[in-house]
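Please read this report alongside the sequence and the model.

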Amino acid sequence: MPLYVCNTRKGGISDAAKEKIAKDITDIHCDVTDAPPDFVHAFFFEEADELPLGNNAAVLHGNIRFGRNDKQKAEIIDRMRASIHTHSGLQADEISVSISDTPASWVMEGGELLPEPGEEAEWLKALDQKIAATNSS
């Protein structure tokens with residue numbers, strides 16, 4: 001978590017551009033939210049026809065942990081749209097970006113429920129201790 005899924009028409013974004021966009025997705029999300037980079041996941045799918053893109057050349061949807069404010073969400077949306085535009089060459093008005101909130105308690109990473117925003121450092125420390133204890137057994 002967060003999970004970002006980008007859907008384009010077949011061949012709409014090159015593999016090289018996808019790599020740059022995925023890096024930007026991680027960097028932008030972490031810059032805006034202070035979340036650890038290991039939490040961020042980006043996936044790309046291509047559709048052979050119009051489905052489900054409508055008039056858009058690319059659709060990016062992100063599920064992020066509940067607790068981010070409207071200013072953070074707007075910044076994520078604007079910066080990610082700009083990244084897709086910059087790296088793909090698609091027109092900005094052909095790119096749709098949206099975000100949905102998901103409670104942290106609905107998501108697991110490393111076999112543990114995710115922490116609430118702002119509690120990541122303690123959560124990561126506890127997870128590291130759990131892994132170290134498992135490895136020393």
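A residue is called buried when its relative accessible area is under 20%, exposed when it is over 50%, and partly exposed in between, with a 1.4 Å probe and protein chains only. By that criterion, buried residues make up 35% of the 137 residues in the protein chain. The model is a predicted one, in which local features need pLDDT of at least 70 and side-chain atom pairs count only at pLDDT 80 or more, while totals for chains, interfaces and linings use all residues. Residues are numbered from 1 along each chain as its sequence is written, and side-chain values use heavy atoms, with hydrogens and water left out.

The protein chain has three helices and six strands, where helices (H or I, at least four residues) and strands (E, at least two) are DSSP runs numbered from the N terminus. Their order from the N terminus is β-α-β-β-α-β-β-β-α, and the C-alpha atoms fill a box of roughly 50 × 35 × 25 Å along the principal axes.

Four strands form an open sheet with mixed pairing, in the order β2-β1-β3-β4; two strands pair if DSSP finds at least two bridges between them. Strands β2 and β4 each have a single partner strand and stand at the edges, so one side of each is left without a neighbour in the sheet. Strands β1 and β2 run parallel and are joined by seven bridges, and Arg9 has Glu47 in β2 as its bridge partner. Helix α2 packs on this sheet, touching β1, β3 and β4.

Ile84 is placed in helix α2 and counts as buried because its relative accessibility is 1%. Leaving aside neighbours within four places in sequence, its contacts (heavy atoms within 4.5 Å) include Cys6, Ile13, Leu60 and Ile95. Ile84 and Ile25 are 59 residues apart in sequence, with their C-alpha atoms 9.5 Å apart in space.

How many aromatic pairs does a search of the whole structure find? The search finds one, and the rings of Phe39 and Trp123 form an edge-to-face pair because their planes stand at 85°, with centres 5.3 Å apart. Rings of Phe, Tyr and Trp (its six-membered ring) pair if their centres lie within 6.5 Å, and planes under 30 degrees apart count as stacked, over 60 as edge-to-face and the rest as tilted. Both Phe39 and Trp123 are buried.

| Element | Residues |
|---|---|
| Strand β1 | residues 3-9 |
| Helix α2 | residues 70-88 |
| Helix α3 | residues 120-136 |

Terms used. Axes fitted to C-alpha atoms, helices over the stretch in contact; angles between N-to-C directions.
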